[in-house]
Amino acid sequence: MEKLTVLGAGSWGTAIANLLANNGHRVHLWCYEKETAEEIKKERTNSVYLPGITLSNDIIPTTSLEEACSNSKRIISVVPSQFTRSVIEKAKPFIPNECFFVSASKGIEKESLCTMSQVIKETLGNEKKYNLVTLGGPTFAIEVAKKLPTVMVIASESEEASRQFQMLFSNHHFRAYTNNDIIGVELGGAIKNVIAIAAGIVSGLGGGHNTIAALITRGIAEISRLGISMGAKLLTFAGLAGIGDLILTCTGNLSRNRTVGYRIAKGESLSDILSGMKMVAEGVETSKSVEGLAKKQNVEMPICHEVYLILFHNKKPSDAIKSLMERNLKKEFQEGIM
């Protein structure tokens, strides 16, 4: 079997590794925590991040980046976005030339305001030759692991690369589409987590179906505005990485980001919520990044701005909703965008 590598043994990383292994590939899964690697090796489970799922024997867990990456032509990074740069930097000496490097993390680095593809390019530099690929779309890890029908999008500037990974991932319960808009897929996947926090807040305050529908619709408008300003294609946000992923995270009870928002609306502090979570809610740190990007690109993103104020400036959720509803009235579409 050809060696595949997955960096990160959280819920999504483990689900990806298991999907690929069940598709007939031998997958080296890099685990940050020794306990996770030992459990996968001995029990074929990852009870913390993917409970109730028996993992394939073709997953090889390791805590060594050298073992995981050496001689691997297909490397998939599922490391939380704020740690992606440091992990790739450590893995860099072991990453072969002429490989395919895939980003499956959904976030924006808060210090640099870089998307994950930009982080990868900066970190690997010109020393490595590789094809860059990004994964996106509505994919709860546990549902993928349970083999529930799921659809994803694979983006690359290289049609060959996107087609290769389309074939690697697809089977009777998992279907992949291709796209060439990396930045659009990345921004859709990252910013939907911020909007999902807003959806949780709205639900926690007793908002109805009208409110959630409005939030999703105006949320995709904000994501689209920022995306277009950064060179993305508008059509991407009407697809799986845009409205598809946004619907999932704003309405699904499995969404960690929606859960954070819901608990904030019920009066819990952000620090208490995060301290009790084993898995990362990417939208919290991404809200800082989106606030910075919106200012940098001179793009109006009122929902994301209010989430940022709630999370980091103690604005009352009810006051945030009031601020959004009392904004100046305007046209729905302006100059061809939302």
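1. Elements first. Helices (H or I, at least four residues) and strands (E, at least two) are DSSP runs, numbered from the N terminus. A cavity is a set of points, on a 1 Å grid over the protein atoms alone, where a 1.4 Å probe fits but cannot get out. Lining residues have an atom within 4 Å of a point.

2. Basis of the note. This is a predicted model: local features need pLDDT of at least 70, side-chain atom pairs count only at pLDDT 80 or more, and totals for chains, interfaces and linings use all residues. Residues are numbered from 1 along each chain as its sequence is written, and side-chain values use heavy atoms, with hydrogens and water left out.

3. Cavity count. The whole structure was searched, and 2 cavities of 30 Å³ or more were found. A volume here is the space filled by probe spheres set on the points, with grid points joined across faces, edges and corners.

4. Largest cavity. Its volume is about 40 Å³. The lining consists of Ala-15, Asn-18, Leu-19, Asn-22, Val-144, Ala-145, Lys-147 and His-173. Two or more residues come from each of α1 (11–22) and α6 (141–145). The top contributor is α1, with 4 residues. By class, the lining has 4 nonpolar, 3 polar and 1 charged. Ala, Val, Leu, Ile, Met, Phe, Trp, Tyr, Cys and Pro count as nonpolar, Asp, Glu, Lys and Arg as charged, and the others, Gly among them, as polar.

5. Second largest cavity. This one holds about 30 Å³ of space. Around it sit Ser-105, Lys-106, Thr-134, Leu-135, Val-185, Glu-186, Gly-189 and Ala-190. The elements giving two or more lining residues are β6 (130–136) and α8 (182–204). Here α8 gives the most, with 4 residues. The lining splits into 3 nonpolar, 3 polar and 2 charged residues.

6. Disulfides. A disulfide is a covalent bond between the sulfur atoms of two cysteines. The rule applied is a pair of cysteine sulfur atoms within 2.5 Å. The count by this rule is 0 disulfides. Cys-99 is in none, and the nearest cysteine sulfur, that of Cys-69, is 8.8 Å away.

7. Burial of the two cysteines. Buried means under 20% relative accessible area, exposed over 50%, partly exposed in between (1.4 Å probe, protein chains only). Cys-99 is buried, at 1% relative accessible area. Cys-304 is buried too, at 2%.

Note on methods:
1 Å grid on protein atoms, 1.4 Å probe; cavity = no way out; pocket = protein on both sides within 12 Å on 5 of 7 lines; lining within 4 Å.
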